[in-house]
Amino acid sequence: MAKLTIPSEELMVGGHVACPGCGAALAMRLLLKGLGPKAVMVIPACCWAVIPGAMPGTCLKVSTVFSSFESTAAMASGIKAGLRRTGRGDVPVVGFAGDGGTADIGIQALSGAAERNEDFLYVCYDNEAYMNTGIQRSGSTPEYSWTTTTPRGLEKRTSKKDMPMILDAHRIPYVATANPSFPEDFVAKAKKAASLKGTRYLHILADCPTGWKHDPSQMVEVGRLATMSHLFPLYEIEEGRLRITWAPSNPVPVEKYLRAQGRFKDLTAEQIEEIQAEVKARWEGLKAREAREKKAVEKEAAPPEVSAAPTPHPAAPVSETVYVKPSPPLHFP
Ligand SMILES: Cc1ncc(C[n+]2csc(CCOP(=O)(O)OP(=O)(O)O)c2C)c(N)n1
Ligand code: SF4
Ligand SMILES: [Mg+2]
């Protein structure tokens, strides 16, 4: 019998108020299984600021701090510094934001924190639009997608920002993609990310039946098609070295994924062909990079007569905030 690798402990319990079939809800449930009960979540304005339920109730059994939309990474950096200062540096701090809060409005704080290699995990659950405020397009909305601000006939005409690769360009210790439709791979990456130091980034494809326009019962299947078609590949980049963690040997046509969703209802055959060609080119780029980096590592491990290959990018030092000794407290009468 196959051994189950996903912990049975539930850190997200009943009572959440997400729509039926919400991929972001499943993503949080799986993520917490990988992180464990000590995690402190920092959540900005997004669906997940609402999903836990009305105060004082919450479906989350971990500490949660709500940040302003743009400051998730800054707040996570500060919380981690405070925990370190008070001798609790082992507590994992996790920013958990939507694609709007990551690719658009929070990108400055995230980029700054990643450049300093602040010690936290940042998770973007990417439902490819500003869902909480009514399905407006974000920088992560894919080309030709319908949203309320890219209506029929005026669908989005620019590509989705490639956030994992943008974070990889910051040379942080760990970047990975994950998909709740592949739970073992998902939880393994959450666990690994939690075990590392420095800035770690997890990019999750989070189906939103409300905005993607399909029946909620199809959430897991639509997510599967995203990876089965190579449109959302599963990979991780550890210390600059990319590894594809799971891939189908026979990808399904990307049309199957697109046709399963109302937001792509009006796509023409030519547009689908264009998307298919782009998916193929990106996939081949990933495969080529994986092969190149594997070869470099093998060369490095070879006996000394083989010329030493350059190591993948060196890890930046983990940011340790320098503290100025506080001056004695002021006493007011
Ligand atoms: C500075 C600021 N601008 C706008 C808003 C309004 N707002 C709240 S949630 C949200 C959408 C968030 O989108 P995303 O980050 O993709 O998360 P999702 O809602 O899709 O889960 C917006 C625009 C806000 N709260 N603060
Ligand atoms: S709008 Fe989408 S992301 Fe938000 S709770 Fe509903 S299904 Fe989830
Ligand atoms: Mg979103």
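At roughly what angle do the axes of helix α1 and helix α6 cross? Before answering, a word on the model itself. This is a predicted model, in which local features need pLDDT of at least 70 and side-chain atom pairs count only at pLDDT 80 or more, while totals for chains, interfaces and linings use all residues. Residues are numbered from 1 along each chain as its sequence is written, and chains are lettered from A and ligands numbered from 1 in the order in which they are written.

Now to the two helices. The axes of α1 (residues 23-35) and α6 (residues 183-195) cross at roughly 45° and come within 7 Å. Helices here are DSSP runs of H or I with at least four residues, strands are runs of E with at least two, and both are numbered from the N terminus. Axes are lines fitted to C-alpha atoms, for helices over the stretch in contact, and angles run from 0 to 180 degrees between N-to-C directions. The two helices are therefore oblique to each other, a word for angles that are not under 35 degrees (roughly parallel), over 145 (roughly antiparallel) or 65 to 115 (roughly perpendicular).

Which residues meet there? From α1 come Leu30, Leu31, Lys33, Gly34 and Leu35, and they meet Pro183, Phe186, Val187, Ala190, Lys191 and Ala194 of α6. Contact means that C-beta atoms, placed from the backbone, lie within 7 Å. By class, this contact has 8 nonpolar, 1 polar and 2 charged residues. Ala, Val, Leu, Ile, Met, Phe, Trp, Tyr, Cys and Pro count as nonpolar, Asp, Glu, Lys and Arg as charged, and the others, Gly among them, as polar.

Next, follow the strands. An open sheet of 8 strands runs in the order β2-β1-β3-β4-β6-β5-β7-β8, with mixed pairing; two strands pair if DSSP finds at least two bridges between them. β2 (63-66) and β8 (241-246) stand at the edges with a single partner strand each, so one side of each has no neighbour in the sheet. On average, neighbouring strands are turned by 20° against each other, direction ignored. Helix α6 returns here, packing on the sheet and touching β4, β5, β6, β7 and β8.

At one end of that order, β1 (residues 40-43) pairs with β2 in the parallel sense over 4 bridges. Methionine 41 has threonine 64 as its bridge partner in β2 and valine 94 as its bridge partner in β3.

Finally, look at ligand 2. Of the 13 residues around ligand 2, Ala18, Cys19, Cys22, Cys47 and Cys208 come nearest, where near means a C-beta atom, placed from the backbone, within 6 Å.

Methods: Contact = placed C-beta atoms within 7 Å.
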